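My entries follow the display.

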Amino acid sequence: MQKTLRSPRHLRLVQLIVDRRKAAGLSQADLAKAIDRYQSVVAAIESGGRRLDVIEFLDLAETIGFDPHEILDEVATVPNTPVRKRR
């Protein structure tokens with residue numbers, strides 16, 4: 001199984017979360033406070049440097065106010081292509 005960190009699907013998931021956070025009018029600091037985390041944790045998630053587990057994803061969906069099913073449906077449309085390393 002290929003690594004998923006920074007894969008096309010992971011990057012799309014991150015972008016959708018960032019878009020929804022901004023549309024909700026929340027800063028990273030606002031979101032971090034609402035989920036009882038440091039702002040640096042939210043920044044790491046949004047930069048693609050940290051994976052989300054399912055529970056964290058659901059907490060973000062509830063806090064930001066988006067439907068997690070819609071996000072997952074969108075991410076599922078991204079081809080599951082391997083990330084190639086440059087030589």
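**Helix packing around H4**

I began with the buried residues of H4, which pack against H1, helix H2 (28-34) and H5. The model is predicted: local features need pLDDT of at least 70, side-chain atom pairs count only at pLDDT 80 or more, and totals for chains, interfaces and linings use all residues. Residues are numbered from 1 along each chain as its sequence is written, and side-chain values use heavy atoms, with hydrogens and water left out.

Helices here are DSSP runs (H or I, at least four residues), numbered from the N terminus. Contact means heavy atoms within 4.5 Å.

I listed the buried residues (under 20% relative accessible area, 1.4 Å probe, protein chains only): in H4 they are Glu56, Phe57, Leu60, Ala61 and Ile64. Seen down the axis of H4, these fall within an arc of 140 degrees, so they line one face of the helix; the arc is that of the directions from the helix axis to the C-beta atoms. On the face turned away, I found the exposed (over 50%) residues Val54, Ile55 and Glu62.

Next I checked H1 against helix H4 (residues 54-64): the axes are 10 Å apart, at an angle of about 25 degrees. Axes are lines fitted to C-alpha atoms, for helices over the stretch in contact, and angles run from 0 to 180 degrees between N-to-C directions. H1 and H4 are therefore roughly parallel (under 35 degrees). In their contact, Leu13, Ile17, Arg20 and Arg21 of H1 meet Phe57, Leu60 and Ile64 of H4.

Last, I noted that the axes of helix H1 (residues 8-23) and helix H5 (residues 68-76) come within 9 Å and cross at roughly 145 degrees.

Terms used:
Helix = DSSP H or I, 4+ residues; strand = E, 2+ residues; numbered from the N terminus. Parallel < 35°, antiparallel > 145°, perpendicular 65-115°, else oblique.
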